[in-house]
Amino acid sequence: MLTTRPRGINDILPGDVEGWQALEAHIRHLFSLYHYEEIRTPIFEHTELFLRSVGETSDIVEKEMYSFEDKGLRHITLRPEGTAGVVRAYIENKLFAGPAPQKLYYIGPMFRYDQPQAGRYRQFHQFGCEVLGSDAPVVDAEVITFAVDLFSRLGLQDLKVSLNTVGCPDCRPAYEKALVDYFAGHEEDLCDTCKDRLHRNPLRILDCKEEGCKALAAQAPTTLDYACDHCKDHFAAVRGYLDEVGIAYELDSTLVRGLDYYTQTAFEVIMTQKSGAQNAICGGGRYNKLVYNCGGQDTPGVGFAAGMERLLLILESQGLAIGQRRTPAVYLAPMDAEASKMAFALAKALRAKDIAVEMDSMGKSLKAQMKNADRLQVAYTVLIGENERLGGFATVRQMATGEQTEIDLDKLVTYLEKGIKHVATKKNT
Ligand code: HAM
């Protein structure tokens, strides 16, 4: 137990972490192009926040939350998603007093007691955004466009945007009644979970993965049949903006999403080519009642979140992996304890010039040190043995050519600095 991690969580090790860093840089860059600003909310919140937002009848709240009482007997939950915390922070920090809409993004770990498998973990990472304070359809379209833009720039091609509207508090009750009437007529064919959902949360039946329920859902009344004029107009306008920029989408009347806060637009981006991981990489939608339900002023919102583990797995499986392991430019190979001190000072001087340096700390033989320098793919290795030490110079080996030069110690930093700039320029041309 001491040396194994709990099920469903991962270490991100050197060699993998570079992919994460590159993805994070890509995400931050694109969010800044769309003028979103980063928000960092805490990893845990009061449990009540998720009951109110994600919804008491959602799978997340019913089965998947990591909840506990802290030493002050407060009910605390590790965040299962990011939207609720952003909404709480928006209200608590009065972000509504700033320019509208507030366009916020986040990157960070989330926690769900899910069934672990490839692409599904108990601690996983999402990046996502929330736009608060605008109910304009162009914002829904911008959020969807952003997601597609981000995935496309990574080289992903087999993307499908599924789109639906889930109505609003004006038209949803009539739709829910129609659904209850329809499914009640087929109750014996529903799975046990959906029999229970029938009166508690009938919309979720549309999302059930059981074959019997799926077949019934395909014939069920659709939200668009019951949408009020306002929701219909909003949906048409969102589609108009997407058409304008050539973002393809498929209408899917069974797309209701697993969280209860959505109103009007709901969408998902899925990979059409199965990659061994989960194929839903991103989901989101509008939530015009969420700020109000969490204790704020009536404020519309829309956003999405995407799973970073899933995205990285898909990129790798398609040969599109990003991020490279960084290597030092210079390896210092001291041959004895005195030389080690000189190398230590030299490392400090080189790093002061922003040159990345590694030096031997294991007292290895020359052969072993050269092997290490090769493995690290450095541009230069600097040898300091007894001869060099006594003569006040170092032997500098240019790794690409194998050429060795003796350089006076007082000229060494300048020599390496020039050489490395030269290597870097050559690499860039
Ligand atoms: P969600 O659909 O629950 O939505 O999660 C969004 C994405 O997080 C999923 O598409 C998936 O890629 C990833 N994800 C979810 N669960 C796991 C897991 N156990 N392991 C790995 N990845 C996972 C939300 O969370 C909403 N807050 C999205 C949103 C933002 N809606 C409006 N604004």
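This is a predicted model: local features need pLDDT of at least 70, side-chain atom pairs count only at pLDDT 80 or more; totals for chains, interfaces and linings use all residues.
Local features are reported where pLDDT is at least 70 and side-chain atom pairs where it is 80 or more, while totals for chains, interfaces and linings use all residues. Residues are numbered from 1 along each chain as its sequence is written, and side-chain values use heavy atoms, leaving out hydrogens and water.

**Nonpolar cores**

A nonpolar core is a set of buried Ala, Val, Leu, Ile, Met, Phe, Trp, Tyr and Cys residues joined through side-chain atoms within 4.5 Å. Buried means under 20% relative accessible area, exposed over 50%, and partly exposed in between (1.4 Å probe, protein chains only). The largest such core holds 45 residues, and L132, F183 and L206 have the most contacts inside it. Helix α4 (residues 83–92) supplies its largest share, six residues. Helices (H or I, at least four residues) and strands (E, at least two) are DSSP runs, numbered from the N terminus. This core lies between domain 1 (17–168 + 227–317) and domain 2 (172–214), because both give residues to it; the domain bounds come from an automatic or database assignment.

With residues up to four places away in sequence not counted, L206 touches Y175, L179, F183, A217, A220, S253, T254 and V256. Contact here means heavy atoms within 4.5 Å. Another core, of 42 residues, lies apart from the largest one and includes L150, V238, F304 and L315.

**Ligand site**

There are 27 residues around the ligand, of which E81, Y121, E130, R257 and Y262 come nearest; a residue counts as near if one of its heavy atoms lies within 4 Å. Polar contacts (pairs of N or O atoms within 3.5 Å) are among the details tabulated here.

| Residue | Protein atom | Ligand atom | Distance |
|---|---|---|---|
| Q126 | polar side-chain atom | oxygen | 3.0 Å |
| Y262 | side-chain N or O | nitrogen | 2.6 Å |
| C282 | backbone N or O | oxygen | 3.4 Å |

Taken alone, the ligand exposes 660 Å², and the protein buries 95% of that; these areas come from the Shrake-Rupley method with a 1.4 Å probe. The elements giving two or more residues to the shell around the ligand are β6 (123–132), β10 (280–286) and β11 (301–307). Of these, β10 gives the most, with six residues.

**A333**

A333 is found in strand β12 (residues 330–334) and is buried, with a relative accessible area of 1%. Neighbours within four places in sequence aside, A333 is in contact with Q369, T381, V382, L383 and I384. A333 and A373 are 40 residues apart in sequence, and their C-alpha atoms are 8.7 Å apart in space.

Technical notes
A polar contact is a pair of N or O atoms within 3.5 Å; within protein, one must be able to donate a hydrogen and the other to accept it, and residues adjacent in sequence count only if both atoms are side-chain atoms.
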